[in-house]
Amino acid sequence: WDDFKPTTSTSSKGMMDSDDSDDEDDSDNRGDEKEASKGKKARSKTALRRRAEADIRSKEDRYADGDFKPESSSDYERLLLAEPNSSFLWIQYMSFCIGNADIDAARAVCKRALKQISYRMEDEKYNIWVAFVNLEYQYGDASSLQGIFDQGVKESKGKYLYLHLCQQYASNGDNEGCTALYEKALKKYKYSKKVWMAYQHWTLKSGNISAAKKLLARSMQSLSKHKHIEVM
């Protein structure tokens with residue numbers, strides 16, 4: 001009867017060991033494949049990041065050399081990270097928004113520029129105010145223009161902003177608006193020969209000789225004597 005006892009033969013045991021070994025190998029292979037896949041993804045992300053960084057550096061270098069023209073909002077945003085005080089770049093960005101017929105975005109760019117440009121950069125801020133006034137003059141209404149203009153006069157070079165807007169009125173043939181604004185400027189800057197002379201030049205160019213003579217007489221009464229010769 002011993003011949004019929006259930007025993008595990010050597011061959012059966014070998015087969016079982018072989019199966020277990022195969023299972024372990026399969027598990028190891030799957031683990032290796034996962035690790036390889038993770039490594040491949042990580043390398044791919046790293047490569048993409050490096051290519052993006054290289055592209056940004058290339059664009060910045062080309063922009064510095066004058067060979068690169070930003071083509072999207074993201075291009076401008078990246079360039080502004082490097083040059084936040086550049087009114088030229090901010091105004092280009094604003095013009096880009098206007099070109100896309102997005103006036104609200106252009107306004108938002110102007111407001112951001114005024115906040116981000118350093119308070120020490122007075123000329124750069126003034127350039128933005130000029131651009132903002134131009135924007136409202138062309139695309140806004142009387143109320144929005146007056147609001148931005150008044151704010152700009154308070155926070156920037158008020159006298160020069162007055163003269164700039166007067167030129168805008170004059171260039172567009174708005175003689176009534178130009179006259180009213182010059183008179184308003186004279187009340188605020190009564191002792192400025194620059195304002196008096198700009199007003200007189202405009203009246204002469206307009207062919208209004210009598211008005212120019214009256215302005216000259218008024219200026220002599222308001223200005224200090226040492227300014228009379230240059231005005232005359």
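Glu136 is buried, with a relative accessible area of 2%, where buried means under 20% relative accessible area, exposed over 50% and partly exposed in between, computed with a 1.4 Å probe on protein chains only. The model is predicted, and local features need pLDDT of at least 70, side-chain atom pairs count only at pLDDT 80 or more, and totals for chains, interfaces and linings use all residues. Residues are numbered from 1 along each chain as its sequence is written, and side-chain values use heavy atoms, with hydrogens and water left out.

Glu136 lies in helix H5 (residues 122-139), and, leaving aside residues up to four places away in sequence, Glu136 touches Arg107, Asp141, Ser144, Leu145 and Ile148; contact here means heavy atoms within 4.5 Å. The chain as a whole has 11 helices and zero strands, with helices (H or I, at least four residues) and strands (E, at least two) taken as DSSP runs numbered from the N terminus. Of the 232 residues in the chain, 31% are buried, and among contacts between residues at least 6 apart in sequence, 45% join residues at least 24 apart.

Two packed helices are described by the angle between their axes and the distance between the axes. Helix H6 (residues 142-155) and H7 pack at an angle of about 150°, with their axes 8 Å apart; the axes are lines fitted to C-alpha atoms, for helices over the stretch in contact, and angles run from 0 to 180 degrees between N-to-C directions. H6 is therefore roughly antiparallel to H7, since angles under 35 degrees count as roughly parallel, over 145 as roughly antiparallel, 65 to 115 as roughly perpendicular and the rest as oblique. H6 contributes Leu145, Phe149, Gly152 and Val153 to the contact, and H7 contributes Gly158, Leu161, Tyr162, Leu165 and Tyr169. These residues divide into seven nonpolar, two polar and no charged, where Ala, Val, Leu, Ile, Met, Phe, Trp, Tyr, Cys and Pro count as nonpolar, Asp, Glu, Lys and Arg as charged, and the others, Gly among them, as polar.

The largest pocket has a volume of about 170 Å³ and is lined by Leu163, Gln167, Ala170, Tyr182, Lys194, Ala198, His201, Trp202 and Lys205. On a 1 Å grid over the protein atoms alone, a pocket is an open set of points where a 1.4 Å probe fits, with protein on both sides within 12 Å along at least five of seven lines, and lining residues have an atom within 4 Å of a point. The elements that give two or more residues to this lining are helix H7 (158-171) and helix H9 (193-205), and H9 supplies the largest share, five residues. By class, the lining has five nonpolar, two polar and two charged residues.

Two loop residues complete the tour. Lys190, in the loop between helix H8 (175-188) and H9, is partly exposed at a relative accessible area of 39%. Although Lys190 and Ser222 are 32 residues apart along the chain, their C-alpha atoms are separated by 6.6 Å, and Lys190 touches Trp196, Ser222 and Leu223, not counting residues up to four places away in sequence. Ala101, in the loop between helix H3 (87-99) and helix H4 (103-116), is exposed, with a relative accessible area of 66%, and has a positive phi of about 60° although it is not a glycine.

Definitions and conventions
Grid points are joined across faces, edges and corners, and a volume is the space filled by probe spheres set on the points.
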